[in-house]
Amino acid sequence: MNNLGIIMMVALIAGSITVVVSTIGLIVDHKRNKAKNREKRRQQISAINSRTILTYKENLRADAEHYRRRA
């Protein structure tokens with residue numbers, strides 16, 4: 001009976017440690033994932049801004065060419 005109690009106590013402690021370590025792992029993974037998504041969003045915004053600026057400049061060139069032909 002005494003051995004069974006010790007085995008159950010060890011199993012309880014091992015289970016508790018597993019739960020705590022898993023929780024810490026999930027928290028770290030969540031923070032890492034948030035940082036990765038933040039960086040991806042930042043790069044996406046930069047790409048969108050670059051495309052917008054290039055499109056704007058291209059439209060300015062097209063307008064200038066259009067008015068040059070009319071003149």
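Helices here are DSSP runs of H or I with at least four residues, strands are runs of E with at least two, and both are numbered from the N terminus. With that in hand, Ile-17 sits in helix α1. Keep in mind that this is a predicted model, where local features need pLDDT of at least 70, side-chain atom pairs count only at pLDDT 80 or more, and totals for chains, interfaces and linings use all residues. Residues are numbered from 1 along each chain as its sequence is written, and side-chain values use heavy atoms, leaving out hydrogens and water.

**Overall shape**

The chain's secondary structure amounts to 1 helix and 0 strands. Its radius of gyration is 31 Å, well over the 11 Å from the globule rule for 71 residues, so the chain is more spread out than a compact globule. (That radius is taken over C-alpha atoms, and the rule is 2.2 Å times the number of residues to the power 0.38.) The C-alpha trace spans about 105 × 10 × 5 Å along its principal axes.

**Surface**

Buried residues come to 0% of the 71 in the chain, where buried means under 20% relative accessible area, exposed over 50%, and partly exposed in between (1.4 Å probe, protein chains only).

| Residue | Relative accessible area | Class |
|---|---|---|
| Glu-39 | 34% | partly exposed |
| Arg-42 | 47% | partly exposed |
| Ser-50 | 40% | partly exposed |

The chain exposes about 6,900 Å², with carbon and sulfur atoms supplying 63% of it; such areas come from the Shrake-Rupley method with a 1.4 Å probe, and for residues only the protein chains shown count as cover. Met-9, Leu-12, Ile-13, Ile-17 and Val-21 make a nonpolar surface patch of about 500 Å². Patch members need over 30% relative accessible area and no salt bridge; nonpolar side chains (Val, Leu, Ile, Met, Phe, Trp, Tyr) are joined within 5 Å, like charges within 9 Å.

**Charges**

There are 14 positive and 5 negative side chains, and the centres of the two sets lie 8 Å apart. Lys and Arg count as positive, Asp and Glu as negative, with His and the chain ends not counted; each charge is placed at NZ of Lys, CZ of Arg, CG of Asp or CD of Glu.

A search of the whole structure turns up 1 salt bridge, meaning a side-chain nitrogen of Lys or Arg within 4 Å of a carboxyl oxygen of Asp or Glu. Glu-39 and Arg-42 form it, at 2.6 Å from N to O. Both lie in helix α1 (residues 2-70), 3 residues apart, or about one turn of the helix.
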